[in-house]
Amino acid sequence: MQRTAVAISAGALLLPLSACGGDAEAGGGSTVTVTVGYQSRTINTVTAGTLLRSLGSFEKQLNSLHDGVNYKVNWQDYATGAPITAQMTAGKIDIGSMGDFPLLINAARGKQLNSPTRLVSVTGYNLRGGLNTIVTAPGSKLTSLKDLKGKKVSTSVGSAADGTLVRALQRAGIDPNSGIEKLNQQPSVGASALAAGSADALSQFVAWPGLLAFQGKAKAIYDGARLNLPTFHGVTAREDFAKQRPAVLEAFLKAQAEATDYLNEHPVEAAEKVAEATGLPAEVVYLYNGDHGIATFDPAIKPQLVSALKQDVSILKSAKLTGDVDVDSFVDDRYVKKALGPDAYAKHLATKPAPATSEAWPKGASKTVTFDSPSLLLRYVAGHRDDLRAAYVPDTTTGTLWFADKAVWVADGDKLLPFVTPDTAQAYIAAHGGARVVSYADALERAS
């Protein structure tokens, strides 16, 4: 019997197929349905979700197993990691992807409910924490974290963005429990609350901050990279599934590696594919997933990320969202090591993120144009204003990429320096006599 791997939607659960990872007789052979939970619009998980699905890489890998089994892939899309964890611990999802804080909750719930899970690979990461951003309304007078005291701040409790909010407030001397009124909301609800004025600020993960800024519906007031603590998203699998179907999990991780290579080798095309699948503007996708984007994609479970995960436990414990989590037993890199091969895996562990670079994306182009300095980018933009899809610049302090026209610009002598937020710009000005904030239009004029 010829084996096939077919993708099916969540609605196809009603069909008489097997349960997750289980067998059912079908035409004399066995059928296995593999259920993958992902977050299509959380775009630094795309190598284990949106992009992986659009490329068909997992189905192709399953077809290459030649084990006499018909595989069907059931893709289930969610807005956050919490429902993926609920479905995994109920035995209804085999493989899922989510952020670092939800991963810890995934580990804790799995152990608590005697349905343990394991972290088996990484999707996108930022070693400084730049994947999470706090934004406020465009016309808001709020310019720094200290301005949030006593204000209503929307976030998704238990998410990586919530962790950034808690840590940032603590560093600013504000009690994260009593110093603000925290609104526990889904990202889309929080975005609506910000627009309606029922929330003063919004702390969220990719791609919400960049999307709202791009749309002119928000401005950044805190760049998560100021924490200088890694944040990442990863892939988790049920332990029983991994033991029962190690070849299937290995096939998924090989497919993830293929999707990662595709994204890194064709960043513009990958951004376009993700944009088509999610409805997000490709310019926003590229901000995070581009050649020099905020996220770096690599399936290897780097020691820096494991160390950061251990530091995250205390934040979740203080919020009473988990107890102790044994991170070392949760992390299991055996499957991804086998999928990539030991030599390749060692190389992945040693790789570093691409250096922060200014980029312009011309209309109709399949590649972006890079520049050695923000000033050179501004000069290019000034001469091609009607021919650009987007222009990106790295924050002078943190390296976090941002839209050039949404950045805070500082003139320091002949230098034109971009910042994601007003307070980082002011910190630079305080340390450099004569430096001052200038408008984007002024910056373009000075550069041209």
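This is a predicted model: local features need pLDDT of at least 70, side-chain atom pairs count only at pLDDT 80 or more; totals for chains, interfaces and linings use all residues.
## Ground rules

Buried means under 20% relative accessible area, exposed means over 50%, and partly exposed is in between (1.4 Å probe, protein chains only).

Residues are numbered from 1 along each chain as its sequence is written, and side-chain values use heavy atoms, with hydrogens and water left out.

## Overall build

The protein has 18 helices and 20 strands, taken as DSSP runs (H or I, at least four residues, for helices; E, at least two, for strands) and numbered from the N terminus. Its radius of gyration is 22 Å, close to the 22 Å that the globule rule gives for 448 residues, so the protein is as compact as a globular protein of that length. The radius is taken over C-alpha atoms, and the rule is 2.2 Å times the number of residues to the power 0.38. Along the principal axes, the C-alpha trace spans about 75 × 50 × 40 Å.

Of the 448 residues, 60% are buried. Looking at contacts (heavy atoms within 4.5 Å) with a separation of 6 or more, 74% are between residues 24 or more positions apart.

## Surface and charge

## Two nonpolar cores

A nonpolar core here is a set of buried Ala, Val, Leu, Ile, Met, Phe, Trp, Tyr and Cys residues joined through side-chain atoms within 4.5 Å. The largest one has 101 residues, and those with the most contacts inside it are V34, I43, F58, L249, F252 and Y288. Helix α9 (residues 246–265) gives the most to this core, with ten residues. Leaving out residues up to four places away in sequence, Y288 touches I43, V206, A207, P209, G210, G293, I294, A295 and W402.

A second, separate core has 19 residues, among them L377, A382, A391 and A447. A382 is part of helix α16 (residues 374–383) and, beyond its neighbours within four places in sequence, is in contact with L444 and S448. V122 is 260 residues away from A382 in sequence and 39 Å away in space, C-alpha to C-alpha.

Most residues other than glycine have a negative phi, and most peptide bonds are trans. The bond from V206 to A207 is cis, with omega near 0 degrees. A207 belongs to the loop between β10 (201–205) and α7 (208–214), and is one of the residues touched by Y288.

Two asparagines have positive phi. N114, at about 55 degrees, is in the loop between α4 (100–112) and β6 (117–126) and is exposed, with a relative accessible area of 69%. N228, with phi near 55 degrees, lies in the loop between β11 (219–223) and β12 (231–238).

## A look at Q170

Q170 sits in helix α5 (residues 160–171) and is partly exposed at 43% relative accessibility. Setting aside residues up to four places away in sequence, Q170 touches P176 and I315. L145 is 25 residues from Q170 in sequence and 10.0 Å away in space, C-alpha to C-alpha.
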